[in-house]
Amino acid sequence: MTVVLLPPVTSAPAECHDGAEALTEGPRFVRTRGMSRWHRPRSGVRYSDGHTAYDLWCGYGVGGSHRAGAFLTADEPAPGESVCGTCEGRAAGAGQEQASPTGRQLLFSPRHIDPPKNCPGSRSSELFEELPGGRAGRCLACRDVHPLRAMGGPYNSRYAITQHPPGPGLVGPCPFHRWRQLIARDGRAVCACGREVAQ
Ligand SMILES: [Zn+2]
Ligand SMILES: [Zn+2]
Ligand SMILES: [Zn+2]
């Protein structure tokens, strides 16, 4: 039995995740042999050397080779085994369990995972394709057309696309960096880590 994981969003520089794969599903419970209780994974990454790392809801992490016994997984802890209360509450609050433990309706919307209020192309001097006439540009992040303006002070002025809400054509998020590190490449918006994002 697996649960749905959140994307392993990171503020680490883009190159730190070369060859790593963001896991969309993971075990319900994990722990190392040294941990006094079972924890629950929030997100997971599989690295190119085959090792897996899970970030836990309480802030701890486990990682290494599961096959080599670096950590244990379980669908359900054995009777009498302890579960981390922070992990259990947050996992339930995030919808990793079908039923709310209290029976109340729970809402969960992590701020950094939702699409941004302003398109990531906003005020970018790179993420647009100038249209004939030079007064408007097509945003590479969302494909909408907006005016181009000179921005910045006299010492760092640049020509950029104006701030705008994301259009319906907004590219998909990078699992690691969401929309925060988009760059222009061959007339398309891609994540700086090199991962293709859905257009
Ligand atoms: Zn925990
Ligand atoms: Zn845009
Ligand atoms: Zn990325």
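Author: What follows starts with the whole chain, then goes to the core, its hairpins and a few loop residues.

This is a predicted model. The protein averages a pLDDT of 89, and 96% of the residues score at least 70. Confidence in the protein is highest in strand 4, residues 29-31, at 97, and lowest in strand 12, at a mean of 90. Strand 12 belongs to the part examined below, where four bridges join it to strand 11.

The protein has 14 strands and one helix. Its radius of gyration is 21 Å, well over the 16 Å that the globule rule gives for 199 residues, so the protein is more spread out than a compact globule. Taken along the principal axes, the box filled by the C-alpha atoms is roughly 70 × 40 × 30 Å. Of the 199 residues, 30% count as buried. Among the contacts in the protein with a separation of 6 or more, 50% are between residues 24 or more positions apart.

Now the core. The largest nonpolar core has 18 residues. Which of them touch the most other members? They are Leu127, Cys139, Leu140, Ala141, Leu182 and Ala189. At least two residues of this core come from strand 12 (158-161), and at least two from strand 14 (188-191).

Take Ala189 as an example. Not counting residues up to four places away in sequence, Ala189 touches Leu127, Leu140, Ala141, Val171, Leu182 and Ala184. Apart from this core lies another one, of 11 residues, including Trp38, Trp57, Cys84 and Ala91.

Ala189 also has a place in a strand pair. Strand 13, residues 182-185, runs antiparallel to strand 14, and four bridges join the two. Ala189 in strand 14 is the bridge partner of Ala184. Strands 13 and 14 make a hairpin with two residues between the strands. One residue to look at here is Asp186, in the loop between strand 13 and strand 14. Asp186 has a positive phi of about 50° although it is not a glycine. Is Asp186 buried or exposed? Asp186 has 5 other C-beta atoms within 10 Å, and so it counts as exposed.

Arg178 is found in the loop between strand 12 and strand 13. Its burial is another matter: Arg178 has 21 other C-beta atoms within 10 Å, so it is buried. The cut-off behind that word is 20 or more such atoms, while exposed means 12 or fewer.

Strand 11 covers residues 145-151, and its four bridges to strand 12 join strands that run antiparallel. One pair to find in the model is Arg149 with its bridge partner in strand 12, Ala160.

The C-alpha atoms of Arg149 and Arg135 are separated by 7.7 Å, although the two residues are 14 apart along the chain. Arg135 lies in the loop between strand 9 (128-130) and strand 10 (136-139). Leaving aside neighbours within four places in sequence, Arg135 is in contact with Pro147 and Leu148. Arg135 counts as exposed, because it has 10 C-beta neighbours inside 10 Å.

For the wider setting, look at an open sheet elsewhere in the chain. Four strands form this sheet in the order 2-5-6-7, with antiparallel pairing. Its edge strands are strand 2 (21-23) and strand 7 (61-64), each of which pairs on one side only. From one strand to the next, the twist averages 15°. Three bridges join strand 2 to strand 5, residues 41-46, and these two strands run antiparallel. Within that pair, Leu23 stands opposite Gly44 in strand 5. As background, strands of a sheet pair through backbone hydrogen bonds, either parallel or antiparallel.

Methods. Residues are numbered from 1 along each chain as its sequence is written. Chains are lettered from A and ligands numbered from 1 in the order in which they are written. This is a predicted model: local features need pLDDT of at least 70, side-chain atom pairs count only at pLDDT 80 or more; totals for chains, interfaces and linings use all residues. A nonpolar core is a set of buried Ala, Val, Leu, Ile, Met, Phe, Trp, Tyr and Cys residues joined through C-beta atoms within 7 Å. Two residues are in contact if their C-beta atoms, placed from the backbone, lie within 7 Å. The radius of gyration is taken over C-alpha atoms; the globule rule is 2.2 Å times the number of residues to the power 0.38. Two strands pair if DSSP finds at least two bridges between them. Axes are lines fitted to C-alpha atoms, for helices over the stretch in contact, and angles run from 0 to 180 degrees between N-to-C directions. pLDDT is the predictor's confidence in each residue, from 0 to 100.
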